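Good morning, and thank you for coming.

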Amino acid sequence: MKLEKYESFGVNLANVRNAWETRLIKCMNEVLPEFADFDYCAICIQDVYALAMNHLTPKYVQQGTVLLKKEYTDNDFRDVIEMAVEKVLNNPNHQ
Ligand SMILES: [Zn+2]
């Protein structure tokens with residue numbers, strides 16, 4: 001990725017991230033093993049991540065920002081991941 005595309009007036013904006021990214025990844029690590037048919041290929045993992053992220057209203061924050069109120073519960077994350085896994089299993093983007 002071209003870093004200058006993520007700069008404005010010399011300030012790097014690549015560290016302004018969607019706050020749900022790391023929580024979603026952590027939850028994916030827990031939920032994916034519950035699906036015996038999941039193949040763990042890069043395309044499927046990326047598809048699950050993208051599909052699940054697209055179901056959450058984004059909240060962009062500077063990295064390291066502590067969020068005081070939890071807008072999504074762990075169960076919300078689990079629900080969107082399960083939905084995304086089922087979608088990918090039924091209609092994989094590889095082959
Ligand atoms: Zn796959």
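Two residues are in contact if their C-beta atoms, placed from the backbone, lie within 7 Å.

Please keep in mind that this is a predicted model, in which local features need pLDDT of at least 70, side-chain atom pairs count only at pLDDT 80 or more, and totals for chains, interfaces and linings use all residues. Residues are numbered from 1 along each chain as its sequence is written.

The chain has 3 helices and 4 strands, arranged from the N terminus as β-β-β-α-α-β-α. Helices (H or I, at least four residues) and strands (E, at least two) are DSSP runs, numbered from the N terminus. The C-alpha trace spans about 45 × 35 × 20 Å along its principal axes.

How many of the residues are buried? Of 95 residues, 13% count as buried. A residue is buried if 20 or more other C-beta atoms lie within 10 Å of its own, exposed if 12 or fewer, and partly exposed in between, with C-beta atoms placed from the backbone.

Let us turn to the largest nonpolar core, which has 12 residues, among them Trp20, Leu24, Cys27 and Phe77. A nonpolar core is a set of buried Ala, Val, Leu, Ile, Met, Phe, Trp, Tyr and Cys residues joined through C-beta atoms within 7 Å. Helices H1 (21-31), H2 (42-54) and H3 (74-90) each supply at least two residues of this core, and H3 gives the most, with 6 residues.

H3 itself has 17 residues and reaches 24 Å from its first C-alpha to its last, close to the 24 Å expected at 1.5 Å a residue. That expected span is 1.5 Å times one less than the number of residues. Within H3, the residues Phe77, Val80, Ile81, Ala84, Val85 and Val88 are buried. They lie on the same side of H3 because they cover an arc of only 135° around the axis, the arc being that of the directions from the helix axis to the C-beta atoms. H1 and H2 are included in what covers them. The face turned away from the buried side carries the exposed residues Asn75 and Asn90.

Finally, consider leucine 24, in helix H1. Leucine 24 counts as buried because 23 other C-beta atoms lie within 10 Å. Leaving out residues up to four places away in sequence, leucine 24 touches Tyr49, Ala52, Met53 and Phe77.
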